[in-house]
Amino acid sequence: MVAVRANALVGPDLEFVENVRFQVDSDGTIIDISEEEKPAEYVLPSSYLLIPGFVNAHVHVGDAYLKDHTYGLSLDEAVGPTGVKYKKLSSSTTEEKISSIRNSLEMQVNNGFTSFIDFREGGLQGINLLKESLVDFPIRGLILGRPDNKDPLVEISQQSDGTGFPDVFSLDDVLCEEANILKENKVGHLCAIHVSESLEVISRSLATFGKRDIEVAIDQLDLDFVIHATYADENDLQSLKKNNISVVCCPLSNLYNGLDFPPLKAIIDEGILLGLGSDNVFCCNPDPFRLMAFSLYNARSTKQLISPKDILKALTVNPGLIIQRKIGQLSVGYSGDFLGFDLNNPNLSFSKDVYAALTMRATPIDIDFQMYKGRLVKWKNQK
Ligand SMILES: [Zn+2]
């Protein structure tokens with residue numbers, strides 16, 4: 001049992017509350033939130049602000065060893081079936097794969113993520129390599145596996161938190177039926193897929209199925225969320241909303257790959273839960289601050305006015321709601337994952353809006369306090 005007291009952004013709306021005390025039990029769950037003056041092991045100075053740990057809603061932790069190998073290439077040349085990524089995945093040694101995964105985990109912890117949702121390649125071996133590495137890091141990994149030639153979907157799903165399909169072209173009727181039955185029979189089992197990342201994907205889907213890929217995915221799979229939707233149109237978004245499917249966008253990755261900035265405002269306005277992910281580590285480091293600032297700046301330049309608080313939610317509260325896990329907000333029953341920022345730090349001082357400061361000014365060096373499941377990861381004043 002441990003207690004932390006500080007000013008904090010509390011609950012699903014990240015409401016600013018002064019001098020609040022969080023009690024976390026030995027399993028790492030917040031069991032009480034109170035403004036009463038009771039003792040606490042960690043009393044943060046009044047200039048500090050406590051927020052939920054960041055959740056990276058979409059990442060491929062396995063491809064860090066390809067950092068900057070694909071800049072300037074097309075999406076297909078980078079991640080297509082014969083692209084740079086799959087050549088490396090199939091030719092690299094187990095040791096190389098492990099060091100690539102560990103590099104991604106280390107970056108995510110240092111940059112303030114306390115959870116991430118990974119699209120895992122490499123079948124059962126890929127899942128096990130990530131699980132073995134996770135033991136050494138203060139971060140939670142939700143693993144969405146995918147079937148391959150060796151390992152069928154049923155076995156993948158037993159060892160993972162769900163299924164992450166690469167695209168609609170990887171689906172067939174048998175696979176979809178299997179995925180839907182698995183989802184029905186296993187509480188909390190997730191299902192997601194990459195969609196409408198490029199205009200080429202949509203054209204190919206129209207040519208193959210006579211329908212846009214979002215429609216194909218919705219027709220075939222019982223989905224929790226889709227990744228990208230960069231070129232989703234109004235009808236696509238309405239169908240997603242109608243089917244209660246959330247969207248995770250990856251703006252940094254889209255622009256790195258020469259694609260357009262996603263329609264974040266249209267997604268929010270449609271009432272769809274929006275999450276943000278850093279996507280492939282080979283194209284951008286998993287850094288929540290860069291992702292938030294970049295999203296807000298680019299939204300402005302594409303005439304999409306989005307509030308900093310909505311973007312902060314897309315990396316905290318919303319991913320937890322999307323995957324229906326008790327993470328991403330400081331509420332009773334949720335995991336005690338905290339980040340603390342000293343608002344007197346040079347990057348943050350003088351700001352009149354904490355949400356703007358956190359999303360557009362903070363950097364990883366401003367994380368002065370970090371806790372994962374009630375266990376201290378770092379505290380600047382007490383190294
Ligand atoms: Zn992806």
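Student: What is the strand order of the open sheet of nine strands?
Tutor: This is a predicted model: local features need pLDDT of at least 70, side-chain atom pairs count only at pLDDT 80 or more, and totals for chains, interfaces and linings use all residues. Residues are numbered from 1 along each chain as its sequence is written. Strands (E, at least two residues) and helices (H or I, at least four) are DSSP runs numbered from the N terminus. The pairing in this open sheet is parallel, and the order is 13-12-11-10-9-8-7-6-14.

Student: Which are the edge strands of that sheet?
Tutor: Two strands pair if DSSP finds at least two bridges between them. An edge strand here pairs on one side only. The edge strands are strand 13 (274-276) and strand 14 (279-280).

Student: How many residues of strand 7 are buried?
Tutor: A residue is buried if 20 or more other C-beta atoms lie within 10 Å of its own, exposed if 12 or fewer, and partly exposed in between; C-beta atoms are placed from the backbone. Strand 7 covers residues 113-119 and is mostly covered. Its buried residues number seven of seven.

Student: How many bridges join strand 7 to strand 8?
Tutor: On one side, strand 7 runs parallel to strand 6 (residues 54-60), with four bridges. There, F54 has F113 as its bridge partner. Strand 7 also runs parallel to strand 8 (residues 140-145), where F119 is partnered by L144. The number of bridges between strand 7 and strand 8 is five.

Student: Which helix sits in the β-α-β unit with strand 7 and strand 8?
Tutor: The unit is right-handed. That word applies if, with the strands pointing away from the viewer, the path from the first strand over the helix to the second runs clockwise. The helix in this unit is helix 4 (residues 123-134).

Student: Which residue of strand 9 stands opposite G145?
Tutor: Strand 8 pairs with strand 9 (residues 162-165) in the parallel sense, over two bridges. The residue opposite G145 is T163.

Student: Is L14 buried or exposed?
Tutor: Most residues other than glycine have a negative phi. L14 has a positive phi near 50°, and its place is the loop between strand 1 and strand 2. Because 21 other C-beta atoms lie within 10 Å, L14 is buried.

Student: Is E18 buried or exposed?
Tutor: E18 belongs to strand 2 (residues 15-24). Its C-alpha atom is 8.7 Å from that of S46, 28 residues apart along the chain. Because E18 has 9 other C-beta atoms within 10 Å, it is exposed.

Student: Which residue in the turn between strand 2 and strand 3 has a positive phi of about 90°?
Tutor: Strand 2 pairs with strand 3 (residues 30-34) in the antiparallel sense, over four bridges. V24 stands opposite I30, and R21 has S34 as its bridge partner. The hairpin has five residues between the strands, and the turn residue is G28.

Student: Which element gives the most to the side of domain 1 that touches domain 2?
Tutor: The bounds, from an automatic or database domain assignment, are 2-53 + 329-379 for domain 1 and 54-322 for domain 2. Residues are in contact if their C-beta atoms, placed from the backbone, lie within 7 Å; 22 residues of domain 1 are in contact with 22 of domain 2. Strand 5 (48-52), helix 15 (354-360), strand 16 (367-372) and strand 17 (375-379) each supply at least two residues of the domain 1 side. With five residues, the one that gives the most is helix 15.

Student: Is N244 buried or exposed?
Tutor: N244 is not a glycine, yet its phi is positive, about 60°. It lies in the loop between helix 9 (234-242) and strand 12 (246-249). Because N244 has 10 other C-beta atoms within 10 Å, it is exposed.

Key. Contact = placed C-beta atoms within 7 Å.
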